[in-house]
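Take a walk through this structure, one site at a time. Start with a single side chain and its surroundings.

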Amino acid sequence: MSITSLGSDKLYRASELNGLPEDCKSTKNLTPLDEIVGQERAQKAVEFAMSIKEKGYNIYAIGRNGLGKRTMVLRYLNRHDPNGNGHPLYDWCYVANFDEPRSPRILTLPAGHGQAFKKDIEKLMTRLVKALPMAFDNEMYFSRSETLKNQLAEKQQGALLSLTKEAQEKSVSLSVTPAGDYQLVALNGEQPHTEESFAQLTAEQQKAFETVINDLEYKLRGIVRELTEYEEEFSDKIQKLNEEVALDVVTHFIKPLLEKYKPLPDVKKYLKAMQADILDNLEIFLEESEEQVALAYAALDKKMPRRYQINVLVNQGEEQFPIVVEESPNYHSIFGYVENATFKGTVFTDFSLIRAGSLHRANGGVLLMDAVKVLERPYVWDGLKRALRSRKLSVSSLEKEVTLSGTISLDPEPIPLNVKIILFGDYQTYQLLQHYDPEFSELFRVTADFEDEMQRTDESEAQYAKFISSIVNDNNMLHCDRKAIARIIEYSSRQADDQNKLSLHSADIANLLRESNYVAKSSNATMIRATHVEQALQSQEKRVSRLKDHVMQTFTNGTTLIDTYGEVVGQINGLSVISTSDYQFGAPNRITATTAYGAGGVFDIERSVDLGGRIHSKGVMILSAYLASMFGRENRIPLTTHITFEQSYGGVDGDSASMAELCAIVSAFSQVPLRQGVAITGSMNQFGAAQPIGGVNQKIEGFFDVCSIKGRESGQGVIIPASNVHNLMLRKDIVEAVERGEFHIWAISHVKEAISILTGQPAGEMALDGSYPVDSVLGQAQLKLNALRR
């Protein structure tokens, strides 16, 4: 049976750019895309979530790094104003709660008014600091306060005068000590009695004095109470006078603000509360107590009393939809925090030291974060869920969250939260959250699933060309000519491992363009050409191919044994892919099979020594089942087969060598040799049908390179499953070798076709009686098995 190898036109799909006009010579003639190409599904999901204002419609954007998830979302948000439905934006300010200092109040102002209000209050305070002391430092105030003092003095004198006269009539003196106490002393004529003179009085006289003094003291105590009441009444009158004077000043300055902020009831209410508080705390402005005033003015910025500052937590500026990207989502950066200040060795805090987090800044808009970073930081995920559930944002200290101690701290009023959260993450993180956190699906109801690749058509190539143009324009690069655009599209198809698809890994394309731009500029070119793209690709390859060079060196010096010409029984070249973190390459492996008289089992040496993975073991079991269906329908196969990957000292996994292993076993059974210049890759099912495998381009290239090292001959080539033909995007040198007939690639649908190619003989078809033609490979194997059975 003759099987024709693939023509060179099947090995690489060149980009003709049929979707672009003929006169389009470079990216200069293309309109850059303002969206990410090929992500319509994800974009629809974002549009849907942004249009729903109800709780829980937050977004989890799934896709591996480099797909342009964040770029797409940011471009969409910047291009389409999601606030088009007129949802109002606010400035958020914290102000003092004069009734409860530990619980600062929140003031809501229209967007852009927060800083204006802060400046208005600062101006008001600047005026009051000057005007209030002046109001108490003028003749009118002095005159009114002096009148009140005189009235007090008259009342005090009047109350004491009658008692003083009565005391004098009874020979007793009423005087005031230096300490300010009142004293009643018995008189000896005009002079107070001394102890000696008082002792010379008769007992009746002494007793009479004591009785009089006791009676006067009783009356004096009543008068002292009256004097205290007079002083309290005077203090009240002075306080009232001060309030009247201060009220005139404060009202004069605050009245325009009350008028200005009349449409904002909360602000108006705060201004009235502030007015009342100023009247209660006039000493701050009048500097009556230096220590108290010093603490009141212990400001970090301007010289004004701290309790009247306006802490503008969020200033939206213009009414622009807030879009915040949080690169470092720790607890404080998201939820805000309260700073401490030090004054004369004392640590203190107040509402003016509350600082905003990214949730505050994104309130009314969107907050974008990396899911893994959010989950890595302690307490952030729980805090985020709590805020989204309650739709309130509380500034609580992390210490309060993590300790049981009741440390004294501020308890600010929570801010109403209206925000969309967009988390970017991979599929594994998404599955973990779905599985372990029941609240996740309630809070993140929209999944934006980003595609890895898109269909390759003339239209999509034209879109991709515009996408390339957008990267060039965004990064101010040299423009790409038509051939360079085509080469980048072909590279994208190679990255997708499919002739009919394009990779959407935009980071790879952007990196290639940057490097091509560097090459072009280094050669003083005015435009990026296909040769510059090729040089950039070769440089990339050179940087990451150290391991490949090392492996190929082992073939050159004979360390790794391989034959690429001649024929050998039970020996075949399989193909494998070796991967590093950022590079993949193919290399051939010698697979051998030996037989011995036995019970008919296939002994997988790799599995026996725990070097074979589960998928590889499954492949061996499948080929064993196919072998049994070919040769053991009526009698047990009298041979035990041992198969192994020669010189394989690491793990072996995957089933892409199962066809190669079967061919080696059939060769060992029939003693028909296999061509060593032909390598094979592909898995098979229990009926022998060839199944597709991954890394087909790298595998073919790896064998081609080894053939070049060991010596080329015209019959060399690779057998692949027919279902892998659409994956072929091979190197140019291989395509040219195939075109010249120096290398061959056969696409097969059944393992029997591989046996025919490798042996140069027909594999053989089973007759109704279960026999194979004598002149076929399977027929010769059957003859030998039957001989052993006899």
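Glu326 touches Ser333, Ile334, Ser358, Arg361, Leu367, Leu368 and Met369, leaving out residues up to four places away in sequence; contact means heavy atoms within 4.5 Å. The model is predicted, so local features need pLDDT of at least 70 and side-chain atom pairs pLDDT 80 or more, while totals for chains, interfaces and linings use all residues. Numbering runs from 1 along each chain as its sequence is written, and side-chain values use heavy atoms, without hydrogens and water.

Glu326 sits in the loop between strand S8 (323-325) and helix H10 (331-335). Helices (H or I, at least four residues) and strands (E, at least two) are DSSP runs, numbered from the N terminus. Glu326 is buried but has no salt bridge. Buried means under 20% relative accessible area, with a 1.4 Å probe and protein chains only. A salt bridge puts a side-chain nitrogen of Lys or Arg within 4 Å of a carboxyl oxygen of Asp or Glu. The nearest side chain of opposite charge, Arg361, is 4.3 Å away. What does the side chain of Glu326 have as polar partners? One polar atom lies 3.0 Å from the backbone nitrogen of Ser328. The side chain of Ser358 makes a polar contact with that of Glu326 at 3.1 Å.

Now turn to helix H28. Val777 is in this helix, which spans residues 777-789. Val777 counts as buried because its relative accessibility is 1%. Beyond neighbours within four places in sequence, its contacts include Val666, Ile755 and Pro762. Lys752 is 25 residues from Val777 in sequence, and 9.6 Å away in space, C-alpha to C-alpha.

Note on methods
Buried < 20%, exposed > 50% of the residue type's maximum accessible area, 1.4 Å probe, protein only. Lys, Arg positive; Asp, Glu negative; His and termini not counted. Polar contact = N/O pair within 3.5 Å; in protein donor to acceptor, adjacent residues only side chain to side chain.
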